[in-house]
Amino acid sequence: MRKCSLTALDALFAKMAESAALYLPVDGDDGRAHYAQWQEGLHLSDALNTVRSAKDFFFPQTENLMAFKVNGKTIEIIDTRTEADDFIVFGVRACDVRSFDILDTVFLAEPADSYYANRRAHGVIISLACTRPAETCFCSTFGIDASTPAGDVVCWKTDDALYMEAKTEKGSALMAALADLTEECDTDAVKAQQATTKERMAKLPLADLTADKFGGGKTMEFFSDPAWATLSEACLGCGTCTFVCPTCQCYDIKDFDTGHGVTRLRCWDSCMYSDFTKMAHGNPRLTQVERFRQRFMHKLVYYPENNGGVFGCVGCGRCLTRCPISMNIVKVMKNLGGDAK
Amino acid sequence: MQTVTRDMLVSRAKALLADGTVDRVLGWKAGEFTYDVTPGVFTDADAMEKEFVYGDFCGANFSKYLLTEARKTEKKVLVFLKPCDTYSFNQLLTEHRFDREKVYAIGIPCDGMLDIHKIRTLSAEGVTGIDTDGESVTVHTLYDGDKTVARADALAERCVNCKSKKHVAYDELLGEDGEIIDSARFDEVAAIEKMTPDERFAFWQDALSRCIRCNACRDVCPACTCEKCVFDNPNSGVENKSPANSFEEQMFHIIRAFHVAGRCTDCGECSRVCPQHIPLHLLNRKFIKDIDEFYGEYQAGEKVGSRAPLVDFMTGDLEPSEAVKRGETNA
Amino acid sequence: MQRIGVFVCWCGTNIAGTVDVKRVADALRNEPGVVFSAEYQYMCSQAGQDMIKNAIREHNLTGFVVCSCSPRMHEATFRKTAEAAGLNPYMVEIANIREQCSWVHKDMEIGTEKAIVLGRTAIAKVNLNAPLTPGESPVTKRALVIGGGIAGIQTALDIADAGFPVDIVETKPTIGGKMAQIDKTFPTLDCAACILTPKMVDAAQNDKIRILSYSEVTDVRGFVGNFSVTIKRKARYVNEEICTGCGLCTEKCPQKKVPNEFNLGMDTRRAIYIPFAQAIPKVATIDADYCTMLKTGKCGVCAKVCTAGAIDYTQKDLIMEEKYGAIVAATGFNPISMEPFDEFAYSQSKDVITSLELERLMNAAGPTSGQFVRPSDGKHPHKIVFVQCVGSRCAGASKGKEYCSKICCMYTAKHAMLIRDKYPDTEVYVFYIDVRTPGKNFDEFYRRAVEEYGVHYIKGMVGKVTPTGDTLRVQASDLLANKQILIDADLVVLAAAIEPDKSARPLATMLTASMDTNDFFTEAHPKLRPVESPTAGVFLSGACQGPKDIPETVSQASAAAAKVIGLLVKDKLVCNACVASSDEAMCNGCSTCERVCPYGAITYADKEFRMPDRTTRIRRVAQVNQAVCQGCGACTVACPSGAMDLRGFSNKQIMAEVDAVCK
Amino acid sequence: MQVTEYKPKIVAFCCNWCSYAGADLAGNNRLNYPDNIKIIRVPCSCRVNPMFILRAFQRGADGVILCGCHPGDCHYTSGNYYTRRRMALLFSMLSYLGIEKERTRVEWVSAAEGAKFAATMNEFSAQVAALGENKRLEDLRCKP
């Protein structure tokens with residue numbers, strides 16, 4: 001384990017930014033933290049987490065897949081793929097780091113999504129342990145330890161220093177480059193912080209929430225639950241929960257007519273939208289009840305069923321704070337199966 | 001704290017359920033925390049007793065839910081309307097969006113609703129509970145103990161700039177009706193108008209670049225009730241699912257605001273729900289301010305059946321070139 | 001996928017002089033959808049049209065673009081060509097490469113490039129064109145003539161002669177209009193009443209003509225062939241059916257001080273009156289502004305003396321709604337007010353009069369019973385000055401009209417001649433800017449006034465008229481002699497400009513007929529369609545379209561009648577094919593479109609729909625009456641969801657044009 | 001160095017009854033105006049949806065002008081009155097968003113005003129040219 005004094009943090013960031021674009025959470029004008037590319041004068045936010053997750057760097061909301069150039073009656077196909085530039089995402093919390101396991105399962109399984117794989121290969125994730133989890137946090141429900149995140153490099157920030165530990169080859173390479181700015185250290189301060197954080201985790205309002213009743217093989221148990229109708233009755237059908245979610249991975253592919261050709265792009269889609277899964281014959285999910293059910297069944301039942309029991313939620317709590325009508329996965333988990341609180 | 005209490009609403013709703021006037025009640029259901037109440041439909045007294053809550057975070061405008069709820073009821077659906085909601089209610093009636101006969105509307109006074117984001121910013125993260133009492137709000141937090149913030153500071157933007165405490169539609173009123181307020185709601189618009197074009201462009205580029213095109217602003221908007229929105233219609237020429245670039249962001253927000261121009265009651269739901277805190281109300285209010293200044297004051301939803309400014313004209317209306325000059329006080 | 005043909009016209013050298021037509025044809029051949037492209041000297045010629053027809057057959061064209069002159073010129077021609085070759089006429093688009101390209105630009109390179117873009121734009125549109133079929137609407141075989149002057153009367157008589165019923169709506173208690181006030185007519189000098197009143201009687205006796213006097217049009221709805229008109233029949237407090245027109249009441253009425261408008265206020269009439277002896281209908285009318293009975297409830301003399309019992313003080317305005325297939329505007333003219341022309345002392349001296357006032361002074365039935373005397377003292381005038389163009393041809397002036405009132409030169413010559421003829425002891429001076437006499441026998445008439453009757457024509461303007469004791473001091477300039485002139489005149493006659501009647505503007509709004517800046521009705525085409533308004537089914541008769549003398553008015557009146565008859569003989573009208581239509585699946589029924597429709601073409605219906613969620617719902621949806629819709633497109637923009645679209649100018653078509661233009 | 005004069009792309013929506021005829025008249029009278037202005041014929045100025053204007057900018061237009069009958073002279077009686085309100089609000093909004101107000105215009109041109117049509121187009125083209133390329137309401141994807 002190595003550490004760097006907080007007074008030298010800027011120098012550390014400057015060093016990192018030399019070889020790759022460095023993104024880190026900074027406070028925005030709206031009083032909330034957003035990712036921004038580091039430059040002299042930008043400071044790491046103290047906020048618990050960013051509004052949008054680090055997913056955006058690897059699976060951006062809009063991505064051009066290919067292009068067609070049209071000239072009169074001829075069409076030329078253009079492969080727009082290029083090798084990605086190296087980049088570093090700093091300050092990813094434990095929950096969001098876990099989301100990459102879920103995204104990787106989807107995008108890196110054969111045939112791998114070359115666009116995603118390209119970014120994963122060139123991106124380094126530096127995680128940051130939580131110290132003050134919020135009332136909306138429930139990562140422990142999914143077995144995540146907020147005090148000890150995964151990542152290429154893991155960091156703990158105390159009052160005076162940033163403690164760092166490489167976890168992967170990419171991480172080790174990065175730490176080697178930072179050797180001049182960091183010093184080897186013991187793990188006492190980190191252990192103390194981890195202990196405190198764990199205590200805090202245990203006292204969170206949602207600490208007792210479990211996903212035990214969900215998982216693979218539970219489709220029949222929950223699919224026809226009458227609670228779906230009441231849970232979804234106020235749902236606006238917007239995509240907020242989907243678009244702030246670090247694990248949602250659905251997309252649509254569209255052709256944009258540029259006037260002189262076509263840009264084929266993919267963009268995030270939301271299962272909450274009425275035209276999601278719309279096919280030639282219409283839409284198999286007729287009402288918002290079915291769309292709403294799909295989103296939560298996917299995270300709590302279908303995904304674990306297909307992926308060795310891993311849930312499709314990481315408990316980051318974004319949907320709890322962002323949903324316009326305050327409906328969210330926690331309320332769903334508590335109300336399904338006749339287990340209303 | 002609100003003047004009307006949960007018990008007042010529940011007892012009135014129960015009575016109307018009992019006497020057969022209504023068979024559905026639109027109300028609020030408690031969440032995990034104080035602030036995360038969810039709109040819900042109640043059909044029996046027991047459920048109401050168990051789950052119905054009312055308080056400073058019950059800001060959702062129920063009028064749009066009437067589009068679906070009024071179709072489901074056999075008798076009438078009971079809806080509680082804050083003063084600002086009644087304007088949306090009337091506007092929807094003007095546009096024939098639901099059957100007035102299927103609705104029983106109770107006007108409830110409103111003391112302003114609180115904004116959880118403002119409370120978090122003013123107190124601390126990790127809000128486990130909120131007590132309001134008169135002019136102060138006590139916030140219970142995970143790590144910073146109890147914090148007190150002034151109620152006035154915690155009010156949602158739309159409540160700070162409340163335009164009316166007067167109900168323009170109801171079947172019955174709980175408590176006292178208020179007055180139309182001479183609010184300062186256009187001050188921010190005026191401030192932007194005073195900027196240079198470069199500053200205005202930078203301001204909006206910054207705001208609109210945050211858009212994630214979740215459509216929450218549209219989906220919550222009581223004026224957006226199209227059977228098929230142009231942004232979801234592949235044949236409209238403007239359909240797109242993502243804010244692919246700054247043009248898409250601009251186009252979405254210009255068209256969204258233009259489509260509700262003259263129909264927007266300034267209920268403020270769009271800004272409330274925006275997960276990216278884009279000040280959408282400043283777009284809508286720009287149109288309202290322009291309409292007021294160019295064509296005379298007009299409040300959408302004040303009267304059922306009123307003629308919206310964009311489907312009306314005067315032979316002596318000002319020319320677009322003049323309008324642009326007047327709308328830009330900096331010039 | 002369309003199979004589009006492109007035909008580039010040279011228009012002789014009109015296009016080919018500035019546009020490389022071959023290059024245009026070659027470039028457009030490569031556009032998506034184009035399967036044939038050619039150029040030719042004159043596409044609109046028979047040979048050119050045959051070339052198109054052959055290409056349609058040989059290449060199975062589904063649509064074509066003609067790069068030629070303005071669509072306003074030959075769109076109809078090429079649509080007919082398409083139809084003749086079995087193609088839907090709406091599968092044709094015109095790229096305007098003459099008026100908007102070759103005639104605007106001088107450089108061949110620029111003109112050619114632009115022509116290619118315009119052609120490409122038209123191709124982009126045709127790619128999205130769909131065959132359109134115009135609807136049909138029935139025709140109500142009855143006409144409405146608004147205005148009962150000589151124009152309205154002639155139009156009504158001609159329409160009635162063809163066998164169609166006609167209503168004449170006249171705001172005054174009698175028909176007759178301005179001509180009834182005129183004494184003699186130029187250039188024949190026959191008496192106006194002698195030729196007008198028989199026509200008035202004809203109209204009254206024609207069983208196809210209904211005269212709605214003392215009435216106004218208050219609302220017009222509908223469209224060509226199907227107008228629905230609201231007419232207010234003002235209360236005249238006399239039962240028209242019973243009144244015999246004996247005139248006893250008009251003699252006995254104690255209220256004697258009512259200014260007589262028929263004599264332009266130069267004498268008085270009673271509160272109950274018949275405007276003039278030959279009035280049609282010859283019935284009395286009570287002037288509510290002056291009638292003591294109506295104002296105070298005390299009097300009732302007329303009711304007492306009326307042996308027929310026709311007086312009805314309780315009569316109310318009657319609103320009637322009638323259906324018509326065609327409407328003729330014949331609202332006529334008025335002399336403009338002389339108030340702003342202080343320099344002529346019109347308001348200071350009774351002896352400064354307008355020409356129309358002179359007509360009444362000289363008329364045997366006028367205020368002086370035909371005695372030509374000064375209004376101030378009843379003395380015979382010996383020196384008379386006529387001032388021409390008062391308020392006419394005032395370009396740039398703050399008062400008056402820019403246009404020539406056309407009739408003044410001739411009636412002034414008439415007046416001068418008549419006075420010199422009857423009273424050889426008078427001296428008559430006419431001040432003029434120009435004397436304009438372009439009519440049959442007009443110049444001969446004017447020459448007679450000068451040569452035979454010794455009227456002093458002086459080219460020059462009167463600067464000022466000052467009442468001085470008994471006379472009027474006229475200061476003027478003689479431009480030909482280049483000197484100032486002072487004349488002490490006994491009478492000054494002003495040839496006041498004429499303007500459209502004030503009722504024309506609101507009527508035009510109701511009719512959705514356009515007007516020029518002077519409030520004259522605009523004709524559909526100044527040369528080729530002079531008696532039609534651009535609004536289908538609305539026709540123009542008489543001075544409401546522009547200043548006219550009587551013969552011209554009567555010819556136009558008959559021409560308008562011919563157009564009306566041409567419309568009314570049809571059993572069905574073919575409607576505009578480019579109309580709005582609502583996609584009911586997307587319509588919200590919000591009523592926004594209805595509010596902007598100027599024709600009331602949109603209505604709503606509750607219909608049952610199978611919804612995407614497989615439920616059934618009754619929804620309120622907009623429906624467009626295709627016979628009523630004129631295709632302006634206001635509703636398409638008002639509609640927030642885009643459910644309302646316009647055939648022939650659809651959202652997609654216009655956006656495709658935008659794309660092609662910006663490419 | 002070769003200096004090429006910057007030619008802005010301009011879309012002119014013209015109503016069929018007045019302005020399009022006015023443009024024809026300009027041609028009849030051989031009045032010159034820039035070739036970079038391309039006319040799109042619409043039945044009435046009220047047919048022009050704000051979406052068309054945004055579309056033009058998206059597709060690379062540097063200026064958009066709407067021409068209709070003079071107020072009061074609309075072939076459809078009231079269409080241009082609606083246009084006037086719609087465009088007043090739209091243009092004011094564009095300006096509010098910091099987009100140059102000189103890029104948009106509404107002008108009333110009658111069928112008799114060929115000279116006004118040409119003069120307006122010359123003037124508008126010069127005005128837009130002075131602003132340079134449209135950068136604030138552009139869609140980079142649509143650039144060639």
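Q: Among contacts in chain A between residues at least 6 apart in sequence, what share joins residues at least 24 apart?
A: This is a predicted model, where local features need pLDDT of at least 70, side-chain atom pairs count only at pLDDT 80 or more, and totals for chains, interfaces and linings use all residues. Residues are numbered from 1 along each chain as its sequence is written, with chains lettered from A and ligands numbered from 1 in the order in which they are written. Two residues are in contact if their C-beta atoms, placed from the backbone, lie within 7 Å. Of the chain A contacts between residues at least 6 apart, the share joining residues at least 24 apart is 69%.

Q: What is the radius of gyration of chain A, and why does it agree with a compact globule?
A: The radius is taken over C-alpha atoms, and the globule rule is 2.2 Å times the number of residues to the power 0.38. For 341 residues the rule gives a value near 20 Å, so chain A agrees at 22 Å.

Q: Which element of chain D gives the most residues to the side that touches chain C?
A: In all, 35 residues of chain D are in contact with 36 of chain C. Helices (H or I, at least four residues) and strands (E, at least two) are DSSP runs, numbered from the N terminus. On chain D, α1 (19–28), β2 (37–42), α2 (50–58) and α3 (79–96) each supply at least two residues of this side. The most, six residues, come from α1(D).

Q: How many residues of chain A does chain D contact?
A: Chain D uses four residues here. Its partners in chain A number five.
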